[in-house]
Amino acid sequence: MARDSIVDRFLDNSEKHAGKPAAWANLDGKWKYINWANYAKKCRLFAGGLVARGIEPHQHITIIGNNCPEWVMADMGAMMARCVPVGIYQTNSPSEVAYIADHCESKVMVLEDKEQWEKVDKARDEMPNLEHLVMIRDADQVDDEMVVSFDDFLESGREHLDDVDERISGIEMDEVATMIYTSGTTSKPKGVMLTHDNLAFTAGSAQKMIGGMEPDDCLVSYLPLSHIAEQMFTIHLAATFGYPIWFCDDIAKVKETIEVARPTVFFGVPRVWEKFKSALENKLAEATGAKAKLVDWARGVGVKAAYQQIEHGDVRGALKIQYALANKLVFSKLKGKLGFDRLRMAVSAAAPIGLDVLEFFASFDIIIREIYGQSEDTGPTTANRPMPGQTKLGTVGLPIPDVDVKIAEDGEILVKGRNVFKGYYKNEDATNETLTDGWLHSGDIGQFDKDGFLRITGRKKEIIITAGGKNIAPAKIESLLKKIDGIGQAVVIGDRRKFLSALLTIDAERGPAMAEEKGWPTDPDELVDHPEFREYIDREVEAANNELARVSTVKKWVVLPQDFSQETDELTPTQKIKRRVVESKYADEIEGMYSGGKAAE
């Protein structure tokens, strides 16, 4: 049987779609594309640049950069040279960059610009193996004998294309193709080794999961390319199905990029969908009179229609007429303004998303399908699919085709299949802890419902054990608290404590807007101490408690005026909360909730 790696698929599509756009980028205010033939040529030239510098097969190269075509050229070029690309988050500190580069013994590092070079320069002594710095931009602004511009690096590979072809022909499916470093929220980052077979199998399974993607599809790439989920959509699925990517180099520009690209598929982590929701809620609050009534009516129709589409694949009966009218008057106009008028597949992954967020978008005819997985199984474990009866909102879907998923006696989710990783680089102990007889121990707690859909109930490492010995998963509690209008994030506290408490944050967009609607102070520092706001939070927390078992109720809370962010080191690059950082940073606020009297029963 012919070898079928991501590299093979990429090269095949570069011939099939030679003159068609493969990648779009905003250069000096104008959107320009590179076609598939030139895209592949530059990937091969990058591989040649590695050969020219004596980089041997299976050695690692590191990449720190914004989402751009050059990132993929470096990644794909490394795989063509039978080397192993390793992404590093742009937001990592100099010491974090140095740790990964030293751990994987990187000799070549691709850098975005002078800002990233300065990080490397500060920690250069911690990276003894580093020999070459390839700068996508700003090479002319740096006086460093290790630095070469991206274009010059490509040019140096021109005489080694025969060697590149030889290396491509030598690729074996069971060898490591790429390495993903975990975000390190609880320990040092670990290098997740993914093989060519892992990548090809997982990307190929999309055909069975979502009916495949086509060259006419397109997608916006804006989340960190160091993360497996963004790599899967931007690199491996694109290589498999031959669709073009619109690169957004700054998450702050994602809305304007969507408006230009008009993607047919859009992937967002929950925090991105939540921010979209907050912005839309602010717009909806401006509607009055007949317009507000029309929107409310359409949204009611939208939710009913969404559930019919999920169950049957279409809208039926009298609802079909109402849906057509709601679409004409509301949905089509709203989606057109958002840039989602061509959207056929909306996806959320990387963290739990609230049912309220899913139903909010469903009310506007946007059905978000949640996928669950991790780097260690190349991205997906389960997925909600766009076929009738294969999506259930509030769950993370059904196991992906040809992969076994089961629940251990302690509730942990276990996975076995061709998507499961080879192991952690240089960490046999961690590998043995995570892989047992081919089964990946996910670290997540979950359960299957009667229809075979998986629900995630928590993380083993996040389970709170109260002073009374009760085991409590905070995920459901936090999800309920995040539903409170104006609240951005929620972190439940209570390990070895007599009761549960919560840190809440003001949503940067929705918080001030809601306060203005109610006549409260819009300044977050004033708002958190306003008596009417505090009474409002008390009522909302009590409403959340009414949906919980008594042992899981929140007895005390503090609202922080500022939302969590990457810049303040409370969120990972994929917008997950760094619990240890939060608990340390707000230790005084937490202790304040556990001193000064009893909690309300």
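How many bridges join β1 to strand β11, and do the strands run parallel or antiparallel? Let's start there. This is a predicted model, so keep that in mind as we look around. The answer is 2 bridges, and β1 and β11 (residues 245-247) run parallel.

Okay, β1 has another partner. Strand β1, residues 21-27, is joined to strand β2, residues 30-35, by 6 bridges, and here the strands run antiparallel. Look at Ala25: its bridge partner in β2 is Lys32.

Next up, empty space. Rolling a probe the size of a water molecule over the atoms shows where empty space is left. Searching the whole structure turns up 1 cavity of 30 Å³ or more. The largest cavity holds about 50 Å³ of space. Who lines it? Among the lining residues are Phe10, Ala22, Trp36, Tyr39, Val72, Met76 and Ile245. Helices α2 (36-52), α3 (69-80) and α9 (228-241) are the elements that each give two or more residues to that lining. The biggest giver is α9, with 4 residues.

Quick stop at Gln116, which you'll find in helix α5, residues 114-122. Is Gln116 buried or exposed? It counts as buried, because its relative accessibility is 6%, and the cut-off for buried is under 20%. So what does it touch? Setting aside neighbours within four places in sequence, Gln116 is in contact with Ile64, Gln90 and Leu111.

Last stop, further along the chain. Here we have an open sheet of 3 strands, in the order β25-β26-β27, with mixed pairing. β25 (487-493) and β27 (554-560) are at the edges with a single partner strand each, so one side of each has no neighbour in the sheet. From one strand to the next, the twist averages 20°. Zooming in, β25 pairs with β26 (residues 500-506) in the antiparallel sense over 5 bridges, and Val492 stands opposite Ala502 in β26. Finally, helix α19, residues 531-545, lies across β25, β26 and β27, and it runs at about 135° to β27.

Methods:
Residues are numbered from 1 along each chain as its sequence is written. This is a predicted model: local features need pLDDT of at least 70, side-chain atom pairs count only at pLDDT 80 or more; totals for chains, interfaces and linings use all residues. Side-chain values use heavy atoms; hydrogens and water are left out. Buried means under 20% relative accessible area, exposed over 50%, partly exposed in between (1.4 Å probe, protein chains only). Contact means heavy atoms within 4.5 Å. On a 1 Å grid over the protein atoms alone, a cavity is a set of points where a 1.4 Å probe fits but cannot get out, and a pocket is an open set with protein on both sides within 12 Å along at least five of seven lines; lining residues have an atom within 4 Å of a point. Grid points are joined across faces, edges and corners, and a volume is the space filled by probe spheres set on the points. Two strands pair if DSSP finds at least two bridges between them. Axes are lines fitted to C-alpha atoms, for helices over the stretch in contact, and angles run from 0 to 180 degrees between N-to-C directions.
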